[in-house]
Amino acid sequence: MTIKLNVINLPKDDYQGGKSSLCAGCGHDQISSVVVNAAWENGLDPRNIAKMSGIGCSSKTPAYFLGQSHGFNTVHGRMPSVTTGAAMNNKDLTFIAVSGDGDSASIGIGQLIHAIRRNLDMVYILANNGVYGLTKGQYSATADIGSKKKKGAVNETQPIDLCALAVNLGCTFVARSFSGAKKQLTALMKAALSHKGFAFIDVISPCVSFNNNEESMRSYGYVKDNDVELHTVDYIPHFSPVEEIEVPAGAYRDIELHDGSIVRLETISEEHDPSDAVAALAALHGAEAAKKHVTGLLYFNADKPTAAEDQNLVSTPLVDLSDEQLRPPKEALDKINSGFLD
Amino acid sequence: MIAALIGRQTNTLNRRIIAPMRQEQGLEPDKEGYHMDTIVNDFSINIATANGTGSQSANLILLQTMADMGVNVSGKNLFPSNISGLPTWYIIRVSDAGYQAPGDRTHIQIMMNKATWEKDIEACEPGTLIIYNSDAKLPVERDDCLVFPVPMTKMARGLHPKLARMIANIVYVGVIAHLIDLDDAAILSALNKQFKGKAKAIDLNTQAVVLGREYAAENFGDERGKYRIEHREVDEDSFMIEGNEAVALGSIFGGMTTLAWYPITPSSSVAENVIAWLPKLRHNEDGESTCAVIQSEDELAAVGMIIGTGFAGGRGMTCTSGPGISLMYEFIGLSYFAEIPCVIWDVNRAGPSTGLPTRTQQGDLTMLYEASHGDTQFPVLIPGNMEECFEFGWRAFDIAERLQTLVFGFSDLDLGMNKWRCKGFEYPDEPLDRGKVIRTQEQLDAIENYGRYRDVDGDGICYRTLPGSGLDPILYRGTGRDEDGVYSEKADVYEKNMSRLKRKIDNSRTWLPQPILREEVEQEVGIIYYGSMENTIQEIDDILESTGMMVSQCRIRSLPLSPIAEKFVRDHETTIILEINRDGQMYGILRKELPIELVPRVHSVAYSDGLPPRAKLYAEKIMEVLRDIGATEEVLA
């Protein structure tokens with residue numbers, strides 16, 4: 001049996017990571033497998049990739065892909081700053097970052113905004129499920145109005161649409177997809193990996209354990225009724241991943257999630273001009289009004305310099321500079337000393 | 001590195017010169033009563049202005065003029081947290097004895113600020129020379145002082161109506177020049193430095209100085225009081241510089257590859273000086289830089305960026321003050337636990353909270369040493385002079401990379417934002433220490449059973465690989481992990497790792513910058529101090545000595561504590577820990593780290609009011625504590 005190799009003669013196995021410890025059926029695992037496929041198909045050298053993340057379920061995923069790449073699981077919401085520092089010092093690295101909606105829409109929204117503002121050269125994957133999974137099911141700032149979790153009130157607070165925010169901030173690559181739309185997500189991921197600048201992909205990625213609407217109570221009802229001592233939150237039912245879907249451009253499709261809830265996905269039409277920020281915002285607002293999620297490449301701009309380019313750094317990555325390049329010579333210090341005397 | 005045992009070479013000189021001064025301080029009341037003997041190079045000038053009026057230029061010109069005349073001089077800027085209109089005082093201390101702290105009294109008072117007029121006059125002791133802007137139209141009713149009314153605003157208006165407010169300040173430079181004999185050539189050279197060779201500005205300001213001097217000569221003649229500046233031998237190799245600029249230069253010579261910073265008083269000028277110097281020192285002929293500079297969105301991002309720098313294998317630094325450190329705390333713990341090198345300079349201002357943002361303090365020490373949640377410990381480098389600000393500026397990176405941890409530089413507003421004499425910076429005497437970084441497959445193969453967190457050398461420091469190298473990749477994390485860097489919550493794995501981290505930092509006690517000792521033979525009392533107190537200690541020592549008390553001194557230059565500090569305590573019956581904060585933070589660290597039998601020997605003298613330390617005040621507090629514990633009689637006997 002011959003093993004299939006990519007353009008740099010590496011088998012796909014070289015792009016795999018460790019075994020996932022997320023709940024069975026978690027949308028995030030599908031994102032991980034898309035990252036593996038996209039990086040392999042793009043022929044990226046895994047040794048030149050750095051995986052970055054914050055804190056949360058989604059931020060654990062760098063352990064589950066690209067095992068031959070260095071990575072950094074940093075602190076909650078503040079992965080963009082760590083990536084910024086790393087990118088300045090080694091501009092030859094490709095940065096693939098995974099963040100959750102807790103990370104990106106709340107505690108780390110400032111850092112996300114400023115990384116976009118600087119056009120940091122990185123792929124920023126938002127694994128967006130509307131809940132805090134790791135702390136067991138609190139609403140996040142992207143939860144839709146009217147969502148209801150197992151305990152507590154209906155969410156009445158306006159969600160933050162991070163794609164609209166990104167477009168408004170002049171983000172150079174803004175896309176939305178769905179963790180089950182493997183074909184679309186892979187295509188977007190490959191494009192994002194090729195993009196020089198900040199590529200933002202908002203991936204709707206359902207949480208199987210803490211789905212935040214009324215039906216989810218029904219899904220867990222059996223367990224609750226049959227074992228009073230077992231907290232529903234401690235019980236992780238075994239789901240299969242969401243069925244792979246494909247939505248043709250300009251069309252929409254209703255996707256049934258594990259708990260029976262429906263998410264309506266629309267793929268942006270081929271007429272959409274991704275260089276038109278106003279059109280992108282119109283599509284986002286239109287979809288919101290129609291209770292749909294518009295997917296696809298919403299906005300793209302290849303002309304903006306990256307954060308590292310703005311710095312006008314030497315061509316060699318800073319981490320590869322010699323001591324002589326890093327420390328000015330003694331003559332320079334002598335000159336400073338005598339200069340102060342003038 | 002063995003501690004330098006520095007003798008008291010300057011003491012003989014001091015005794016000759018300080019005697020009259022002690023009389024002034026009231027420490028040795030002059031039995032012959034008040035005298036009008038000329039006092040040369042030994043007095044303090046207090047200049048009361050409003051900020052935003054350009055007075056800082058005038059003050060720096062005065063300072064530089066005296067420095068260029070070879071006189072030992074120091075300047076303290078007591079400025080408000082405000083851009084324009086609030087009271088500012090600048091204190092110039094002239095001292096042949098080499099004292100650099102603000103003196104205990106003012107000898108020459110310059111009055112430019114209506115808002116503080118009354119209080120400033122009230123504060124003058126009898127005999128003070130009062131130079132005031134008579135255009136303020138406010139009374140100066142002090143028969144016991146020598147008063148010098150000068151219509152500064154009118155004179156300035158005559159020169160340049162639009163800039164009159166600023167020029168008026170330069171007029172007092174001329175008046176003072178007449179009263180205390182400042183050298184014209186030195187003033188001109190100082191003007192040149194201040195206005196960086198800009199002909200127009202130099203010309204205008206020179207005219208203002210001349211005007212002031214001529215007015216004073218005509219109107220006051222020889223009635224000019226007893227204070228004089230006399231030339232001293234100019235030290236050709238020394239100059240005046242602020243600590244923040246010295247740190248900035250040090251960091252550039254330390255091979256810094258990324259400066260990430262967020263503006264905060266009193267640290268911003270570290271970053272601004274880096275930015276100013278980089279083009280000259282770290283840009284190639286095409287203007288390309290070997291150091292990135294990012295003004296971050298907040299302090300959390302600044303520290304995140306330098307941790308990212310360390311992760312990638314670069315040398316990252318940020319500069320901040322107490323409030324910034326508070327914000328950085330979570331990331332600081334990540335650096336400790338994930339073992340990522342980086343450097344933070346804390347230029348301490350008076351806390352807590354917003355506190356006194358433009359005043360000085362040593363109040364952040366404990367928050368640095370054990371920063372972040374959980375058990376941590378960080379190397380803290382504590383410079384006491386300009387040479388050390390530069391040296392620790394570059395050395396901090398070597399220590400951070402060697403120990404694979406975050407290193408703090410600990411300065412303060414007094415050291416960082418005031419000008420101090422510097423004997424010139426010494427070029428780093430050792431190559432960059434990049435620590436245990438595996439860069440090739442051969443190096444990796446040579447290590448049996450490599451793991452990112454496996455202590456193969458037994459010194460607590462493990463080897464690391466860098467992203468992009470393709471060598472044994474690791475997913476760094478702040479969570480528990482085993483020796484291979486794999487997630488682990490196992491009790492023994494966690495405990496073993498935490499013990500190793502402690503050992504790693506503990507091992508640095510003997511090679512971090514060691515204490516500097518000034519020991520008296522067979523003395524019973526020792527003083528431990530650190531940082532900017534260096535600039536006041538000689539005067540404190542002389543005051544104590546004038547009461548017959550000879551004390552030894554130990555200046556701590558880093559944490560964790562060196563065994564030399566412990567030996568110092570062991571060698572003295574009583575040790576005072578002298579510091580500029582309320583609670584005795586270094587005292588607390590010593591109490592915790594000294595062997596239990598030595599703890600009763602250490603006593604705290606801690607005081608902070610936001611102002612730079614005044615020698616007399618601290619000397620009296622030392623004597624008070626020694627009296628309280630019954631040590632004084634013994635010492636004096």
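## A tour of chains A and B

Begin by selecting B:S353, which sits in the loop between strand 13 and strand 14 of chain B; helices (H or I, at least four residues) and strands (E, at least two) are DSSP runs, numbered from the N terminus. What you have open is a predicted model, in which local features need pLDDT of at least 70 and side-chain atom pairs count only at pLDDT 80 or more, whereas totals for chains, interfaces and linings use all residues. Residues are numbered from 1 along each chain as its sequence is written, while chains are lettered from A and ligands numbered from 1 in the order in which they are written.

At B:S353, phi is positive, about 55°, although the residue is not a glycine. B:S353 is exposed, having 7 other C-beta atoms within 10 Å; a residue is exposed if 12 or fewer other C-beta atoms, placed from the backbone, lie within 10 Å of its own, buried if 20 or more do, and partly exposed in between. Next select B:P352, found in the loop between strand 13 (342-350) and strand 14 (356-360) of chain B, and display the cis peptide bond that joins B:G351 to B:P352, with omega about 0°.

Another cis peptide bond, again with omega about 0°, joins B:L559 and B:P560; B:P560 is placed in the loop between strand 22 (558-559) and helix 18 (563-571) of chain B.

Now turn to the contact between the chains, which takes 53 residues from chain B and 48 residues from chain A, two residues being in contact if their C-beta atoms, placed from the backbone, lie within 7 Å. On the side of chain B that touches chain A, the elements giving two or more residues include helix 8 (243-253), helix 10 (299-312) and helix 11 (322-338) of chain B, and helix 10 of chain B supplies the largest share, 10 residues.

In chain A, go to A:N312, in the loop between helix 9 (307-310) and helix 10 (323-326) of chain A. Its phi is near 50°, a positive value in a residue other than glycine, and with 13 C-beta neighbours inside 10 Å A:N312 counts as partly exposed.

Finish by colouring chain A by pLDDT, the predictor's confidence in each residue, from 0 to 100: the chain averages 88, and 89% of the residues score at least 70. Over residues 212-234 of chain A, however, pLDDT stays under 50.
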